[in-house]
Amino acid sequence: MLSARSLTGKPIGIVEDFITEQERKQLLFHAKSPKAQWDTSLPTTDVWHGRMINPSKMPAKTLKLMEKIRRRAAKTITAHYGIVDSVYADTLQLVRWRPGDSQAPHADCEHPNGKSNEFPWRAFASIIYLNDEFTGGEIHFPVLGMQPTIKPRMLAYFPSTAAYLHGVKKITSGMRYTHSCFYTFDPTHHDGHSV
Ligand SMILES: O=C(O)CCC(=O)C(=O)O
Ligand SMILES: [Fe+2]
């Protein structure tokens, strides 16, 4: 089975206008709604507590759109990376970043020294940015020396290995929203939503 290693050397992908304005508005509307069920299954001390909405907590219409966008992202990424093997995904989340939130540089499947982290099956990620009404919150790739400017409706994707170390700078004001997914070649980590 392929792993993230098979993607070594592939470029970071940035696609502006990846989702439509209507799709962006629909996802943001749900994320900002008082009905949005921000996950509280993690302990309050966990930095991800209250930060994401998982598929089981989404209204059917929102989930359908989330899945449709993920299928589109997977298609775009596999075409660009020349992946012919089957791809699955373990995550389909709406994520919010509040003032003060940040993420230290990390890789999605391994530690910076190349040792596996708790998600060794992950091969690549897609992040779709839903707004820009915040300051700070830049995604940056310290090893590759990249800091793409976040634009609403933009897709960013990159392999999960330490060559693609990335972090999110501290949000200094406003709320940052994303559609976030991780993909794998390992069918045992398929989340059951079609890719
Ligand atoms: O939101 C972003 O720009 C990146 C998030 C990220 O790297 C992650 O959740 O692992
Ligand atoms: Fe990440």
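The shell around ligand 1 holds 3 nonpolar, 4 polar and 1 charged residue. This comes from a predicted model. Which residues surround ligand 1? They are Gln103, Asp108, Ile127, Ile139, His166, Val168, Thr178 and Ser180. Two elements, β10 (166-168) and β12 (176-184), each give two or more residues to that shell.

Next, the record. UniProt, in an unreviewed entry, lists residues 88-187 as "domain: Fe2OG dioxygenase".

Now turn to the helices. Two packed helices are described by the angle between their axes and the distance between the axes. Helix α1 covers residues 21-32, and helix α2 covers residues 60-81. Their axes come within 10 Å. They cross at roughly 130°. Because of that angle, α1 is oblique to α2. Angles over 145 degrees would count as roughly antiparallel, and 65 to 115 as roughly perpendicular. The crossing of α1 past α2 is left-handed.

Which residues meet where α1 contacts α2? From α1 come Glu23, Gln26, Leu27 and His30. From α2 come Thr62, Leu65 and Ile69. The residues of this contact divide into 3 nonpolar, 3 polar and 1 charged.

Key: Residues are numbered from 1 along each chain as its sequence is written. Chains are lettered from A and ligands numbered from 1 in the order in which they are written. This is a predicted model: local features need pLDDT of at least 70, side-chain atom pairs count only at pLDDT 80 or more; totals for chains, interfaces and linings use all residues. A residue is near a molecule or strand if its C-beta atom, placed from the backbone, lies within 6 Å of it. Helices (H or I, at least four residues) and strands (E, at least two) are DSSP runs, numbered from the N terminus. Ala, Val, Leu, Ile, Met, Phe, Trp, Tyr, Cys and Pro count as nonpolar, Asp, Glu, Lys and Arg as charged, and the others, Gly among them, as polar. Axes are lines fitted to C-alpha atoms, for helices over the stretch in contact, and angles run from 0 to 180 degrees between N-to-C directions. Angles under 35 degrees count as roughly parallel, over 145 as roughly antiparallel, 65 to 115 as roughly perpendicular and the rest as oblique. A crossing is left-handed if the near helix is turned anticlockwise from the far one by less than a right angle, and right-handed if clockwise. Two residues are in contact if their C-beta atoms, placed from the backbone, lie within 7 Å. UniProt positions are given in the numbering used here, feature names are shortened, and annotations may be inferred rather than shown by experiment.
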